[in-house]
Every structure is written in C-alpha cells, then in structure tokens.
Protein chains: 2
Amino acid sequence: MTERRGRRGGGRSARHAARAAQAIEHQPFLTRDVAPHEVLSEEGLEIIEQNADLLLERVGVEIVDDPGALDIYRRGGAEVDGTRVRFPPGLCRSIIDGAPSRFVQLARNPARSVAIGDPHVVFAPVYGPPFVRDLEGGRRYATIDDFRNLVKLTFLAPSLHHSGGTVCEPTDLPVEERHLDMVYTHIRYSDKPFMGSVTAPERAKDTIEMAEIVFGRDTLQSSPVVISLINANSPMTWDAAMLGSARVYAERGQACIITPFILAGAMSPVTAAATATQTLAEAMAGMAFCQMVRSGAPVVFGSFASSMSMQSGAPTFGTPEPALVLFTMAALARRLGVPFRSGGNLTASKVADAQAAYESAMTLYPTLLGGVNFVLHAAGWLEGGLVAGYEKLILDADQLGVAGPLLSGVDMSDNGLALDTLLDNPPGHHHLGSRHTLDNFATAFWTSDVADNSSFEQWRDEGGHDAVTRAHAIWRQQLRSYEPPPLDDRIDSELRGFMERRKSALIEGNESR
Amino acid sequence: MTERRGRRGGGRSARHAARAAQAIEHQPFLTRDVAPHEVLSEEGLEIIEQNADLLLERVGVEIVDDPGALDIYRRGGAEVDGTRVRFPPGLCRSIIDGAPSRFVQLARNPARSVAIGDPHVVFAPVYGPPFVRDLEGGRRYATIDDFRNLVKLTFLAPSLHHSGGTVCEPTDLPVEERHLDMVYTHIRYSDKPFMGSVTAPERAKDTIEMAEIVFGRDTLQSSPVVISLINANSPMTWDAAMLGSARVYAERGQACIITPFILAGAMSPVTAAATATQTLAEAMAGMAFCQMVRSGAPVVFGSFASSMSMQSGAPTFGTPEPALVLFTMAALARRLGVPFRSGGNLTASKVADAQAAYESAMTLYPTLLGGVNFVLHAAGWLEGGLVAGYEKLILDADQLGVAGPLLSGVDMSDNGLALDTLLDNPPGHHHLGSRHTLDNFATAFWTSDVADNSSFEQWRDEGGHDAVTRAHAIWRQQLRSYEPPPLDDRIDSELRGFMERRKSALIEGNESR
C-alpha cells in the first residue's frame, strides 16, 4: 500500500501536470505505484512452495526427446533417471536466484525499450491464433496480410508496449518459412520490442540472426532484444522443441517466458491451490533449465490457467477460479524474485460482444491488481485464442488505458487532497469553474477513445452504432493513415537477403528429404 | 488475507462438497472470506479523515427547507447557524459509533432475509431509470408493466439477493401514487427484501404502513424490513425530501443508505482524495442525523462517484478514478464500523454491447475486491442510469455469479491442496478421470448461464447469436415460466385496501388545491 505523494505540484501547476501526463502517455511501459492484491497469507504461500518442492523431488519432470537437455539438468545438479529429472529440495530456487528480478528488453527504437519486472507492466497483443475475424470479413484463416495489419495496429496503439509474436498464424505461408516473415514483419512495420520463434531450435537461431542484423551482435551479448514464449507440456513434461528453443535463447542471453499452460482439471488437479502448486513446480524446472544454460539469462515466470465449462468441458475464461490462481502465482513469483507473466483480455466468445467484454475485463482486472509484469494476449483475443479479432484488438487496447491511472493509486499530494478548495467552496456551489478543477481537468480522468458517452439522442442521430461498429471504423481509418517507422535501408536489405538465403536452404532441405 | 481452511473434506467428500455448494447457492447473500483490496495506508486514510472533520467543522452542511432537521442537529450537539450546520471535531464519528456494524433486513420469506455489513455482500438491481430498453421493443418510457417484469426477473435471479426499489420509474402512473404501486409490486411479485420510497416523507410513511401490514407492527419495532436510499445534494447540502424521509425511516428503526452522489469535478473537486474527503464528510453528516433521530438506527455508508468525459463533460463509468474512490471509501467505512454501499454494473452505453460489458465489469471488480456490502445497480443499468435494460439485467445478474468463488478465496484444505493427487500422477498423464477430479468437478468452477463456450461450428450452427440475443431469449422464457411466491390473501387484500384509500385521499388532496 503505497500512495503517491507530491508527484504533482500545487494549484498553479496545470501545464506541468499536463506535460507530466503526456510523458506518462509516451512512456513505453507502465509503473505500478500501488501494492498488489493478495489472496493468500505468507503461511499459505509457503505451503504451496513446500508442496511444489516435494513434487519436483518425488515426481520431477519428464524430458521428451532431448538428451542434451538431460545433460544440462545433470550438470546443474538435478537427478536424472532415464528421461525423468528430479530436483533436490531448494535446488531450483537457489539456481533461479541468479536470474534478474527485472531486465530491459531493447526495442530497435530505444525510446520504446521496455522494463520487464516489478514495478512495471508491459502489454503485448494476442499470440497464436490460426484465424482472424473482422466485422466485414467474418471469420477466416489468417494470412501474412492479417499478420501485417495486426502488427501495424499494435504499433499504432499507445497502450500496447510490445509488438508481440505470433499475433496470428500466417497460414498462407509454408510452415517452415513463416517464422522468417513474422520476425521480419515485426521489425519492418513496428519499432516496438518483439517475440521470437519457438517452434524449433533452428527457428530460434534464425530469430537471433535477424535480431543481430538489426541490433548488432555485440548488443545481444549484453542485452535481451528478443523475448520468447516457452510453454510446458503439462503435467510435468517439457519437450525438445520448447527446451531446444529456450536453450538457443538463453545461451545468447535472450529472454524466455516459461509458462505452464493449464486447463485445470485436465492438465492439473481441478483446484486452485493444486494448480498453483503444479504451475510453480513446472515453471521452476523450466526457469532453472535456462539458468543452467547460462546463469543470469533473463527469464519470466509465466502462468496460464483456465477453467472448464461444467456442462461441456470446454475451456472458459473470465471466471473467478483462474483469477485466484493468477493472484496466487503473482505472489509466488514475487517471492521467487522474477518477473511474472499472466492474464490478458481473454474470452471464449466468438464475436466482440458483451460476453467477450465481460470475460476480458474479468481477466484484465486481476491481471492489473495482481501485479502481472508482462501481459501477453492483452488485446485481440477471441474464441479461446483461436481467433485474432480486429475490432477486439481496438476495443481491448482502448480498455488497457484504465491501467495507468489505476496503478498510479490515489494522489495524496496537496493538489490531490485539495483541502483549501474544499474549505473555500460554499455548500451547493459546484466545482466546474473552480481554479482547482480548471488546473486539473485536462489530466483528471482517463477517457476511452471507443466508448460513446454522449446523450441517447446524439448517439442515435449519429447512427446508433454499437462498440464493435465504432471499433471497425477506427481500425480501418488507422490502417489507412499508418506510416511505417523508419528502418535503415541497409538493414532492411540485409534482412531480406538473409530470409531469401534461409528460404532457399529450407526448400533444398525439404527437396532432399 | 484470510484463506479458507478445512471448509471442504477429503477426496471422498464429493457429495458433501456438492451439498455445500448447493447450500451456498441458496444462501440469500454472499460472505467474503478474503481480505479486501487496499489502495491507501492507514496514514493516508487518517489524513482524509482529518480533512473531512475540518470540512464538517469549518464549512458544515446546508439544510434546505427543513427546520425540524435543524432542531435535531442542534439537539444532537451540532452548531446551527441559520440553515448551516457545523460539527465539532469527532462529533459525527462518536455519534455514528452507536450504529450497528451489521444488521439483518428481513424479507417476507425469512429464508431470503439478508445480512448487510461485513463480511457479507448483497446484490440489488438498478434503481431509478425513467426508461427501459429491450432488444425487440427498443428504448421507451418505463411503465408499471416494465416495473413488474423487472421485479419478476430479479426474483428469478439467484445472484440478486434483493428486490431493490425503483427498478424503473412507472411513468404511466401519477407521480403522487406510483410509490404505492411500486412497494406493492415488490411485495406481491417477490419475496426478497425491498427498498422504500424517499421522494417525500409521506411516501416513506406509506411504505412503512404497507410494511406493517406484511410484517406486523411489532416486527418493525425490532428489525428493519425496509432499506431506503437517501442521497445528498452534493456539495455539502441535504434537502427536506431526503432528510424528511430519512427521519421517518430512522424513527421506526428502518435502514437508510446515506449516499453522496458525486460527479467529480462538478459536485466535488476533480481528484480522488478530495472526492473521498467530501464524500466522507457528507455521509457522516447524514448518518449522524439518523443516529440523532434514533440511536442505533441501521445506516449504510454510501458512495457513488463518477468521472467525466474529457471531451464532452458527460459522466463516464468503468473508469479507474472512481475505482480508486471506491477502494478508499470502503476502507473509510470499515474504519467507521458501518456497512458500505457502492459500485454496481455501471455503464454509459446505450445498448448491452462490448462497451456496456467492459464498463460494467470494470465497476463490478473493484466493487467485489473493495469489500462493498450492499451493491445497488448490480444488474440492469444502461445509459448512465437513464435506462433499465432487460437483456442487461440478465447479463449482469449472470456475471454476479463470479462473486461467490472469488470472495471465497483459495481453498487450502487437504482437498484443495491435493498433494497426494499431485504426487501420484505421472508426468504427461491428464487429470480428467482422476479420483480427485471426479470428486470435485461438479463444484470446481463457476460457469456462466449466458456465455457460449461451445466450438465455433456448434455456435454457428445454432444461429451464431451474440450475448444480447441469448439474454433476450432467456428473459422471455423466464417471464413465461414465472410463478409468484405465495402471499396470504388477507395481507394482499389489506394492501390493496390501503392503496385504494391512500389513492383516494391523494386525489382529494389534489382536487382541493
């Protein structure tokens, strides 16, 4: 519980306040000034930690098709028995101690580099959908055109600090090649930080080489310029694609988000405490792996837990039980001293309707109050992650604007308390024209760019559009006015050259099979 | 931070758990097992309390057209100067000490009586809209038929614990009479607790007399059976209609919700801390009034704060600044030791679209985590409170289901921790068929009754309906299948007789003018 003090000046500081607000708006990530919400006592968190240690000691994790990873675990002090890796109590925790509690991921535009870890919050768009949907075109397989559009729209959204990764699957490109086009698109059409390929170790290497062209080899030695999503095969299993990619990134000091992706009741027991226990164990095994590869390599503790429909067994979102898991995991990550990833704007809805918005907000609010540092899927997610929604991206990105003021907390400066104003104002006299209101009005309230707050009559006369219709007009207009950030021609042509060579090699590789 | 312990039994307690869950579902209000979210330190809260005391001492409150209220304040120890009432430091707080921290409002069906105050939460529907909207009929003036429909739908919603008050204004009835029909409708078509009329002291008296017919005069002497909404005329003003009604209710030991209704920047300074200071001062003056009328009369500390559009000055909802005020006021109410009312499912949207749902959820989440005890406007609110939405009522009431599991916190019993299950399960083996999952699945997750979680293909083949279309079908069906709760014929005819006599008297009163 920290309140802001003296951040803003006295009554005459209107222009200062306005300038400060602008600066905040242009800060490429958020800073949380308030304490996170807690749902468990220290004692409760300790019990979960002890149980996770027991799980790692007795059950351990299974490593699929990756003898190299087994060697790394063995050398790191774990007990390797066939393909099973077990951990003496406390081993993971002591190894993870070497990971940074916060790190900066560089963007090719240095003004857009992001700090990942407490007390900061970074928003990134939806990741992974094979489909897209928009109001006019409906639902369809995603293409590289869609990918490019979503990168552009993310670039234009002030609340999205990060370009993300697989904002949608460009299904019109060959599987072997599409990672090259995805990485290139992030670099070419945005200057925000981005995510790397993880579907095979060679694709992680391609990501690294492209990043080296942009940032220079030396930069990568000292700083992460790529962050990548490494998912566990829950329960308690890690596969070669994921560990292989993690190894490539960790060796080069690049950041990995280690995320058990859990549908509770299927990949873990059905209760929140047990899901938290297993998530902690799996994430610790993954984060320890990265540290064994290279001590100090930046890692993010990820947690993705969803609930199930009691009727159909389908995954459900915006429900209270995953929120309890999120609050618990955030507290466990803080105790472990590593940045935390979870939450987003999640929904099972097919369209950007009231269901989508309720479920998204019911995921986002715990994300914000829980103290999540890296928020993947912060905008654009529909249909349980199968669909990237154009309008949903606009609507979600707009709602992310709530985060800044909420996380800044109550301004307890003299200007915030406004005691003189309160004492000088006679009963019944409104404050609309008061000095204090005039000085503060421009920065007093967050206002949505998509919401309609006008009178019914005005709204009706302007067409009576609902939110999704307004969002459609917004992204159409944004794509029309989009201008790419500058990119050095030499770098661009080097990137294109690299892609051409790699694509040729991949085709030959395929032909020789 | 309190976690649940041992609430549920071991692995073999599936039927017990199911039964417990059913009992929870049928409990007529919620109980919060987790600590509320705090945004200010104790020191910060003390500063606001001191400033509110200064405001009451130096500025005080203006009492409009109510000499009787001035007498009550004078006798209670306040300094009365003309129509201005000022309070020595600490006076209000010490007087409010006599108010109960929690009380039970009786319902005519005793199984539906609600506990108002920590650690409980009670949900009531929207209050006050002159218009209604539904998908088929569009937006129109509300009638007594709409009022009856909304009372019936509220009666049928398990998540709505309270029948509310002016669920919409029955604009087809004469202003002088409609309070009689509203109170009668709550009694006749629901057996949940309800709210009384506050638009004039005589209407409050009518409410009391009708309640006496239902509950018996003696019951009212010992228990509140009516709760009523007393709004301040902010800034720092109370009028005769509100104080007169409050006096009628407090004299008879009936409950009042004392609510400064504040559009920050207009009725208060624009900052959260100053809005909180003024809200505290105004609410204390109102709650002290009730205690001066009758020490121990149940009061609820209310706060309704909204922000403004930076573009148009229109009120906005679901924004972060009112959430900060809510968290602050909830903490101040806890320190004062009285139940707290705030929040709801608020929106400025004209229709039940994504905007409506985002804004509603962004109000509801702080309502739940902040520790609000009585939640008015928990379902059905549209267009800044001008419209009661049929579909919105269904959608909101459904979302209120999130509250129970969220406020129960993490189950840390042996069953919740599921350590044996975790240790017995080999890596890679899913938990779908495990003993623990089977034992717990039926009660593990809250599932929405309105959300569609099915596959895209199934959703499409079933018509591809959005949430509002599904909600429309639900309320239509509910009204068709509605059956009124039993009401003693004698009571019903006494109520009708009373209304007839009062209506005749009111008509004569009008004719004689």
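**Exercise 1. Aromatic pairs**

Count the aromatic pairs over all chains, then classify the pair of Tyr73(A) and Phe289(A).

*Solution.* Start with the rule: rings of Phe, Tyr and Trp (its six-membered ring) pair if their centres lie within 6.5 Å, with planes under 30 degrees apart called stacked, over 60 edge-to-face and the rest tilted. By this rule there are 21 aromatic pairs over all chains. Next, take the two rings: the centres of Tyr73(A) and Phe289(A) are 5.4 Å apart and the planes stand at 50°, so this pair is tilted. Then place the partners in the chain: Tyr73(A) belongs to helix α3 (residues 67-75) of chain A and Phe289(A) to helix α10 (residues 272-293) of chain A, 216 residues apart. Helices (H or I, at least four residues) and strands (E, at least two) are DSSP runs, numbered from the N terminus.

A word on the model: it is predicted, so local features need pLDDT of at least 70 and side-chain atom pairs count only at pLDDT 80 or more, while totals for chains, interfaces and linings use all residues. Residues are numbered from 1 along each chain as its sequence is written, chains are lettered from A and ligands numbered from 1 in the order in which they are written, and side-chain values use heavy atoms, leaving out hydrogens and water.

**Exercise 2. Buried or exposed?**

*Solution.* Relative accessible area under 20% means buried, over 50% exposed, and in between partly exposed (1.4 Å probe, protein chains only). Now look at the second pair: Phe261(A) and Phe304(A) are stacked, 4.3 Å centre to centre with 10° between the planes. Phe261(A) sits in strand β13 (residues 255-263) of chain A and Phe304(A) in strand β15 (residues 304-308) of chain A, so the pair ties together parts 43 residues apart in sequence. To finish, widen the view: Phe261(A), Phe304(A), Phe317(A) and Trp381(A) form one aromatic cluster.

**Exercise 3. The nonpolar core**

Find which residues touch the most other members of the largest nonpolar core.

*Solution.* A nonpolar core is a set of buried Ala, Val, Leu, Ile, Met, Phe, Trp, Tyr and Cys residues joined through side-chain atoms within 4.5 Å. The largest one holds 335 residues, and Phe87(A) and Phe87(B) touch the most other members. The largest share of this core, 15 residues, is supplied by α10(A). Now turn to the surroundings of Phe87(B): leaving aside residues up to four places away in sequence, its contacts (heavy atoms within 4.5 Å) include Leu56(B), Tyr73(B), Ala285(B) and Met292(B).

**Exercise 4. Relating the two chains**

Work out what relation superposes chain B on chain A.

*Solution.* Copies are superposed by least squares on the C-alpha atoms of residues with pLDDT of at least 70 in both. In chain B, the C-alpha nearest the axis belongs to Ala354(B), at 2.2 Å. Finally, compare the surfaces: 100% of the contact residues of chain B recur in chain A.
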